[in-house]
Amino acid sequence: MSKHKSIQSHIQLLLRYLAPEWRAALVLGVVLLLSIGLQLVNPQIVRGFIDAAQAQAEPTHLLLAAATFLAAGIGVQTTRLASTYLSTDLGFRTTNALRADLARHLLGLDMSFHKERTPGELIERIDGDVTALSNFFTQFVVRLLGNGILIIGIVALLIREDWRVGLIMGAFATLGLTGLIRYGGAAVADSAAEREAFADMYGFIEERLAGLDDIRSNGSALYTLRRYYESLRNVYWAATTAWDKRMIVIRIAVGMWGVGQTLALALGIIYFQRGILTIGAVYMVLHYTFMLLEPLEQIARQLQDLQKAAAGVERISDLMALEPQIKRHGLRPFGEDTLPEGALPIAFDDVSFSYEDDEPVLDRVSFRLEAGAKLGLLGRTGSGKTTLTRLLFRLYDPTAGAIRLGDAVLHDLEPDYVRRKVGMVTQEVQLFRASVRDNLTFFDATITDEEIMRVIDEVGLTEWFRRLSEGLDTELAPNGSDLSAGQAQLLAFARVFLTDPSIVVLDEPSSRLDPATERLLEVAMNRLLEGRTGIIIAHRLTTVQRVDEIMILSDGCVAEFGRRQDLVSDPHSHFSELLTTGMQEAFA
């Protein structure tokens with residue numbers, strides 16, 4: 001990215017999120033200007049006090065000058081405190097809005113994107129990169145603008161006092177600013193590498209924490225620690241390299257401070273000896289020079305932070321530029337019922353799909369499932385069963401062929417609309433550390449407690465619910481660790497009931513449960529499938545006894561498809577052979 005485009009992207013991002021907060025920004029600007037005015041007045045008051053004391057002025061005049069100085073000093077500190085509070089508050093507002101937009105954008109990207117990145121990495125991108133921008137959104141603008149105005153005011157007052165002193169100090173400030181701007185972007189690339197190293201480290205930590213049981217049981221703790229140390233080493237080198245580059249502007253500022261103080265002292269002595277400046281004026285020049293160096297140093301520090309922000313802007317812009325491959329055509333907006341309520345027919349017409357160009361997962365799959373029918377989907381691991389259901393959810397689009405729900409082509413329906421019409425229960429239930437209500441509604445506040453209680457009774461969780469200390473407000477442990485496998489599965493059924501889909505996909509959720517719990521789930525499963533089209537990914541013979549149709553996948557192709565009764569009565573069918581040999585053995 002060129003320097004011009006980088007600055008332009010910074011400004012665009014800044015205006016986008018500051019514009020809605022323009023009132024707060026306006027108040028901050030007024031407080032900032034008031035603070036600058038008071039800072040510029042203070043040296044003038046002290047200069048008058050010194051000259052008046054040297055001229056042996058009346059004590060009342062000196063006391064008035066001292067009181068004015070004290071009031072101005074209190075005003076400076078008060079306005080600084082106010083500007084710090086206002087800028088911090090504005091920073092939280094803008095960066096939180098950016099975090100929300102970035103998270104929303106990432107959640108809208110395809111499964112192919114998320115499969116290539118760990119949750120830890122994405123958390124760091126959403127939080128870490130945006131945190132690096134928080135100073136840019138508030139302190140950078142406030143300090144840069146405020147210090148720029150302060151420098152101009154100081155030079156103007158020095159010129160007013162003596163044009164030669166003003167021009168010399170103005171040239172000094174210009175030279176210093178030129179050096180700071182020249183080297184202000186020296187660490188952008190290294191700062192981006194630093195952020196990337198942190199993202200990789202957090203991704204590593206997240207993955208290893210998720211697999212902690214496997215790491216311990218396989219004796220891999222030492223190996224994992226060694227990999228962690230390698231990740232920390234990468235972070236260390238990236239951070240120190242970036243820090244060394246960012247310190248260039250600080251070194252320039254420190255050098256300017258020494259040169260500036262020496263220059264101001266020399267000018268004060270020379271012009272005092274020549275009778276051009278009074279003792280009070282010499283003090284004022286020294287004080288203004290010290291004030292001049294302070295904003296230059298702050299600008300240097302802001303440019304240092306800007307390099308971090310520049311890396312964050314580039315990384316955030318790269319994420320925002322990503323487009324989902326699942327196109328939202330907008331032909332049928334979310335919430336507009338373009339398909340009839342109740343069970344819907346499903347049709348796959350010559351559907352092919354591959355995750356990689358040269359590795360087909362589904363190859364010309366064709367079948368039709370009538371509305372309300374139940375399909376048992378069989379096949380070995382890797383045969384394409386899970387991929388077929390992912391296509392039905394529009395998590396991916398077919399590389400060839402078409403999928404139909406009712407009379408509509410799936411490709412023409414909004415993904416959110418499709419996922420409202422199709423529900424799914426898997427063997428692995430994801431539960432959150434949140435209330436029972438939020439776990440069932442996925443934080444949808446529009447679903448009433450009456451609807452939730454009706455569904456809890458429908459799936460057979462009434463007795464369990466009565467034992468909860470706080471009812472729907474009872475908080476579940478992370479990943480539902482305080483629930484049995486059966487209770488977690490029933491909660492998953494309740495979630496689907498609340499969405500009232502037309503089509504239900506079941507990845508045989510009862511396959512890992514004890515017989516007693518399985519019977520409870522069987523009742524809930526029958527209720528869930530009633531009046532809906534169903535696809536059941538089967539692992540056991542008992543499951544497919546409830547279905548109307550059977551489809552067997554093999555290497556991404558339809559090996560067999562037909563009515564269950566017809567296949568059972570045909571001794572030469574694949575399904576009949578499975579019944580003879582036992583499906584568990586066939587798909588082991």
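Here we go through a few labels and the values behind them.

Modeller: This is a predicted model, where local features need pLDDT of at least 70 and side-chain atom pairs count only at pLDDT 80 or more, while totals for chains, interfaces and linings use all residues. Residues are numbered from 1 along each chain as its sequence is written, and side-chain values use heavy atoms, leaving out hydrogens and water.

Colleague: Why is Asp358 called exposed?

Modeller: Exposed means over 50% relative accessible area, buried means under 20%, and partly exposed is in between (1.4 Å probe, protein chains only). Asp358 has a relative accessible area of 65%, so Asp358 is exposed. Asp358 lies in the loop between strand 1 (346-356) and strand 2 (359-369); helices (H or I, at least four residues) and strands (E, at least two) are DSSP runs, numbered from the N terminus.

Colleague: Which residues form the negative surface patch?

Modeller: The patch is formed by Glu356, Asp357, Asp358 and Glu359. Asp and Glu count as negative.

Colleague: What makes Phe353 and Tyr355 an aromatic pair that is edge-to-face?

Modeller: A search of the whole structure finds eleven aromatic pairs. In the one formed by Phe353 and Tyr355, the rings are 4.9 Å apart centre to centre, with 90° between the planes. Rings of Phe, Tyr and Trp (its six-membered ring) pair if their centres lie within 6.5 Å; planes under 30 degrees apart count as stacked, over 60 as edge-to-face and the rest as tilted.

Colleague: Why is the phi of Phe443 worth a remark?

Modeller: Most residues other than glycine have a negative phi. Phe443 is not a glycine, yet its phi is positive, about 65°. Phe443 sits in the loop between helix 13 (436-441) and helix 14 (449-458). Asp500 also has a positive phi, near 50°, and lies in the loop between helix 16 (485-499) and strand 7 (503-506).

How values were computed:
Patches are made of residues with over 30% relative accessible area and no salt bridge: like charges are joined within 9 Å, nonpolar side chains (Val, Leu, Ile, Met, Phe, Trp, Tyr) within 5 Å. Accessible areas come from the Shrake-Rupley method with a 1.4 Å probe; for residues, only the protein chains shown count as cover. A salt bridge is a side-chain nitrogen of Lys or Arg within 4 Å of a carboxyl oxygen of Asp or Glu. The place of a charge is taken as NZ of Lys, CZ of Arg, CG of Asp or CD of Glu.
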